Amino acid sequence: MLQNRLEPVLDPRALARELSNKLLIDGALVPAVTGRSFPVVNPATQEQIAVAAEGTAPDVDVAVQAARKAQKAWAKLAGRERGRLVQECGRLLNEHVEEIARLITLETGKAIRTESRVEAGVFADVLVFYGGLGSELKGESVPFKPGMLTITQREPIGVVGAIIPWNVPLLLMALKIAPALVAGNAVVVKSAEEAPLAVLRACQIMNQVLPPGILNILSGDGPGCGAPLVAHKGVGKVTFTGSVETGKLVYKMAADKLIPVTLELGGKSPMIVMGDADLDKAVEGAVIGMRFTRQGQSCTAASRIFVQDGIHDAFVAKLKAKVDAMKMGDPLDEATDIGTIISKQQFDKVKGYIKLGEETPGATALRCSAMPADAKLGRGYFVQPVIFTGVANDNRLCREEIFGPVTCILKFRDYEDAIRQANDSEYGLAATIWTRDLKTALDATQRLEAGLVQVNQNLVVQANMSYGGVKSSGLGKEASLESMLEHFTQKKTIILNLA
Ligand code: NAI
Ligand code: MG
């Protein structure tokens, strides 16, 4: 437990410097064993705001040892008491929402009003939600034979390795650490190279409440720090969010140790807009679903929008007008709706897809909004949102995850055709249908191949709703009670012969 109560630091540059070159292991902020670090860059300006400690295998080992040691006592606490402490972390984090929002804005380029502040608040909310589930770690009694008492009980797994990406790092970390901790595990998190600071700060705040060693966080790159965490013999479970490619690597490493994994991978989520849909609602749903305020950097992004032919042109025009009205600019400015892409690498990737679309015969690219005028943002990784029409479902733009503000609107004639095309994808994370017809809506919920299907709305991840994909979108669910029970505990069957 950190002794001095942390006060919010509202200057994000000062906070970034304060958190520079630190890992959080066994309740203390320490540099990496090698002393090495890597730069953390503000993508809105390319200014270096901090360095992050470059954790490698020896740091992983120290963190896992600390976690193993701490977990023994943690597991002995009543579930409700662990929950109470996790809720206390949530309450404390609520006092730090503003500083965390500013910090995450600085390191990721996400707009503070539309994204960062919301994410910081949801982080605290997820902790409070899971903290309330500490008494739900129940087993069963199994009828067996007279004189035999047979019960099952849920036990923690031990040390959980959690690997997170940069797009919504706080939320995605919360969905892993909160259930893992409440279930009685200790956790070692590996943050994403591009966004190590806000998650480190959040864990530092939580360490004021949690016993040392229960929640550790390392920064470092994938092969150098993430891989040794997965491979470490003291880690009994890995939970990962990121790309399909890396997810498969993690799965293979975990298979060598025969440990369970949860994988939340990519998506190419379809949105079907039937001719009878409430057009304005559907357009609003496309703006939210496509996560334009997050520059489209979302695994659930509604990046394939199937619109029935009769309303296609009106839908395109209305969507363009809506996105045009959104303001791109300084992510820390309250007036900004859309910030920047996270990094040069992602910027180049997104630009590559836009070029590909522009070169596709028959395709039309509608560029929306306007680049920021401010000269100090001239080096920022801003990309104007692009709506493509005239692109077929077998085009790479519709097959591959772009992870940028690029969506394709595809025209369809009849419902059967829409369902067929929507399901014709490697992915199956989320899907929506927009219609006033109940029969069509119900039928689509049964036939769409996705872990989450919504009708006439496009809500983001909600605490208490199981979230996770089918097909290449992943394995397992997050965000719910079931996800805590199924992914962060192991079941023991106990038979007592009392005859
Ligand atoms: P990534 O999947 O490579 O990185 C995610 C996390 O995995 C990071 O913490 C990274 O350090 C770690 N990692 C990388 N290689 C590893 C390894 N060998 N062993 C263990 N951990 C490893 O994703 P990246 O490179 O950031 O982005 C590439 C693409 O992945 C994006 O363009 C996007 O399409 C997709 N992506 C999907 C996300 C989602 O939410 N489903 C999140 C981030 C990226
Ligand atoms: Mg990668």
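Q: How far is an oxygen atom of ligand 1 from an N or O atom in the side chain of Thr246?
A: Such a pair counts as a polar contact within 3.5 Å. For Thr246 the distance is 2.9 Å, for Ser243 an oxygen atom of ligand 1 lies 2.7 Å from a side-chain N or O atom, and a polar side-chain atom of Trp166 is 2.8 Å from a ligand oxygen. The model is predicted: local features need pLDDT of at least 70, side-chain atom pairs 80 or more, while totals for chains, interfaces and linings use all residues, and side-chain values use heavy atoms, without hydrogens and water. Residues are numbered from 1 along each chain as written, with chains lettered from A and ligands numbered from 1 in written order.

Q: How much of ligand 1 does the protein bury?
A: Accessible area is computed by the Shrake-Rupley method with a 1.4 Å probe. Ligand 1 alone exposes 810 Å², of which the protein buries 89%.

Note on methods:
Polar contact = N/O pair within 3.5 Å; in protein donor to acceptor, adjacent residues only side chain to side chain.
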